[in-house]
Amino acid sequence: MSFQPIKFYQTGTFTVGNRLLDPEQRSVQSHQDRSNAINSGHRACQGCGEALGARYALDAAMEATDSQLIAVNATGCLEVFTTPYPETSWQLPWMHSVFGNAAAVATGIAAALKVKGRNEVRVVAQGGDGGTTDIGFACLSGMFERNDDVLYICYDNEAYMNTGVQRSSATPPAARTATTMPVGPNPGNVFGQGKFVPAIAMAHEIPYVATATVADLRDLEAKVKRAMEFRGARYIHIFVPCPLGWGTASHDTIRIARLAHETGLFPVFEAEHGELVSALPIRRQVPVEEYLKPQKRFAHLFGAKPMLEVIARIQARADHNIRKYGMLQEEEAL
Amino acid sequence: MLKQIEGSRAVAEAIALCRPEVICAYPISPQTHIVEALGAMVKGGELAKCEFINVESEFAAMSVAIGASATGARAYTATASQGLLYMVEAVYNASGLGLPIVMTVANRAIGAPINIWNDHSDSLSQRDSGWMQLFAETNQEALDLHIQAFKLAEELSLPVMVCMDGFILTHAYERVDMPTQQQVDDYLPPYEPRQVLDPREPVSIGAMVGPEAFMEVRYLAHAKQMQALERIPQLAAEFKQIFGRDTGGLTHTYRAEDAETMVVAMGSVLGTIKDTVDEMRDDGHRIGVLGITSFRPFPLVQVRAALQHAKRVVVLEKSLAVGIGGILSTDVRMALSGIQLHGYTVVAGLGGRAITRKSLHKLFREAEQDALQPLTFLDLDWGVVNKQLARERDMRRSGPAAENMLRDIGTVASRIS
């Protein structure tokens, strides 16, 4: 590993950069010999959360497996912006089949590797929220219940971005999408629908389930590396803001992702064999308005007459998550 | 070794001799006995170095096979009917990617109305999917075709469906000559993939191709099937050298010499047709048979050569292209373009309707007199059809058509002729 000397005076935190840390504590991404599994030159939008999340996740998985990794991709933004032929950003063996079958294709790859005795080679399957929580859900659940040796990573940007921002079952209430327009008496996506696949993954009692955001990339890397320590089905659900679909500034991707966690709207946790083992604590719970306001997909909540009742219902969802996953516990303990 | 076994069992044993590495199974009648037998062989250790995966749908079955095949494993699955339709997106994907998966289709009707019995609607719906389709006439041929199918698929990097009539073949106990492992090993070399997912040599498989090359990539699939037209007869000849049996090939004629009337068909119904033709030949009728083994690629040249000297051609098919008539007959007609002869499409045996020698005698005699309609539905109960048509004319809320027609017939679930 290359080593850069510390030039700034600061200690005791991961937030100011890897150069201040002992080399063994530094992130995978800070290594000059990282694999660059998705290399530069791809066509993701400026500020794309998915591109960032995928890069960190796969480089971490590559390091954990000594580059003995095969990736499968569902149809979607990630598949499109990293290709088309003859160009490819993928520096590892990579396969795209169709929209809804990434988990099953990965099962097939894992089976072939097993029968060929190549146990050192691992498989990661990836999809967006549409490819995971909707069209690919049957294959995903099948892979989970069979406990196939696959790490599935969902990059969740809360709608079908590749086709032009349509609602998925991961779209939050009140959000504007092309199929849940901010019109009528109840603008945006409805309340009381949708699913949170990490909880469903836990219900399968698979060895490892985790959530992460692109705001805390060290946490993301650690979870990917942890996932690779298990055999069997594993699931990581990464919250990845989409500037285009959400109507956020490209430079706000990390901030929005951090706010999603700090409001409690997106719980960040780990579970093993169906049981919660840790939750990333929140130092101070942020009111949901701070998360909602910078996003044009929620602009209809903040017009001349703010929709206070809707905002309160969103706040209630955040509060529920914080209670359910014990996200403020550590703070209280201090 | 001669054995008296069920068709499904024969196919399963043949598949096992082909040393498959990944088998994915999802139950659907009438293919289920095949994967059940294979599952037992893997679990019992009889079939070693093979992963048997119970998947959650046919879509997953084909997808698992895709992943396994792309990783260099010999992959196999089996399906039928609704199952084949449920996996269609992955079926096209497998051929588009050039993955040599072999799949048994235990031919069965497609609903609605739901029906578990045999016809060819399922695999024929996939005629343009890019898969090769070989149709078995007997259980022996089904067994043999699977062995040939792996070799054909892997040489050309294209998937193959081996189609065998559901129940009629899959559930029939017949004598078969089961090859030895040595024979199959001599015939079928280990799979050497053209493309493989391997960290030692990373490739991207399945990325987007735009208008600048899509036509060329698709043409390549056609070019490979044209190569298969040459390779399939050679594979049959090589098969005969090792196994001593004439099996496979593109087409087979039967008593076609000097025939004025030629009957064209696929699958097990050829047996009934040949029996009927034998009887008619004994009575002096100049009638012969053309059996088509390779439906895709379709052997236009061989079909034309076999039929061009006849006066009339009767295509008897277990499928219906709603809105035009026949599927197989459309292809046969293409083979005969420019030749003046009478052509008849006979849709028969849909949903397991028995095709009897009695009906065939009548049909073929009418054909000889050119008294057939261009599109004939064998043994169709016109009374029931006309009554329902009248009912729909007379009232708007006529209810479920299928129920009405069954009530008119008067519940005879097992009536076959």
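## Helices 1 and 2 of chain B

In this predicted model, Ser8(B), Arg9(B), Val11(B), Ala12(B), Ile15(B) and Ala16(B) of helix 1 of chain B meet His33(B), Ile34(B), Ala37(B), Leu38(B) and Met41(B) of helix 2 of chain B; two residues are in contact if their C-beta atoms, placed from the backbone, lie within 7 Å. The residues of this contact of helix 1 with helix 2 of chain B divide into 8 nonpolar, 2 polar and 1 charged, where Ala, Val, Leu, Ile, Met, Phe, Trp, Tyr, Cys and Pro count as nonpolar, Asp, Glu, Lys and Arg as charged, and the others, Gly among them, as polar. Helices (H or I, at least four residues) and strands (E, at least two) are DSSP runs, numbered from the N terminus.

The axes of helix 1 (residues 7-17) and helix 2 (residues 32-43) of chain B come within 8 Å and cross at roughly 45 degrees, which means that helix 1 of chain B is oblique to helix 2 of chain B. Axes are lines fitted to C-alpha atoms, for helices over the stretch in contact, and angles run from 0 to 180 degrees between N-to-C directions; angles under 35 degrees count as roughly parallel, over 145 as roughly antiparallel, 65 to 115 as roughly perpendicular and the rest as oblique.

## Helices 14 and 15 of chain B

Helix 14 (residues 382-394) and helix 15 (residues 401-409) of chain B pack at an angle of about 130 degrees, with their axes 10 Å apart, and therefore helix 14 of chain B is oblique to helix 15 of chain B. Val384(B), Lys387(B), Gln388(B) and Arg391(B) of helix 14 of chain B make the contact with residues of helix 15 of chain B that include Ala401(B) and Asn404(B). By class, this contact of helix 14 with helix 15 of chain B has 4 nonpolar, 2 polar and 3 charged residues.

## The two domains of chain B

Chain B is divided into domain 1 (2-243) and domain 2 (251-377), with bounds that come from an automatic or database domain assignment. The centres of the two domains of chain B, taken over C-alpha atoms, are separated by 27 Å, and the contact takes 26 residues from domain 1 of chain B and 21 residues from domain 2 of chain B. On the side of domain 1 that touches domain 2, the largest share, 5 residues, comes from helix 9 of chain B.

## A sheet that joins the chains

An open sheet is formed by 9 strands in the order 8(A)-7(A)-5(A)-6(A)-4(A)-3(A)-1(A)-2(A)-9(B), with mixed pairing; two strands pair if DSSP finds at least two bridges between them. Its edge strands, each pairing on one side only, are strand 8 (275-279) of chain A and strand 9 (204-205) of chain B.

Strand 2 of chain A and strand 9 of chain B run parallel and are joined by 2 bridges, and Trp94(A) has Ser204(B) as its bridge partner in strand 9 of chain B. Within chain A, 5 bridges join strand 1 (residues 69-73) to strand 3 (residues 122-128), which also run parallel, and Val72(A) stands opposite Ala125(A) in strand 3 of chain A.

## The contact of chain A with chain B

The contact takes 37 residues from chain A and 36 residues from chain B. Helix 3 of chain A gives the most to the side of chain A that touches chain B, with 11 residues, and by class that side has 23 nonpolar, 12 polar and 2 charged residues.

## How to read the model

Residues are numbered from 1 along each chain as its sequence is written, while chains are lettered from A and ligands numbered from 1 in the order in which they are written. As this is a predicted model, local features need pLDDT of at least 70 and side-chain atom pairs count only at pLDDT 80 or more, whereas totals for chains, interfaces and linings use all residues.
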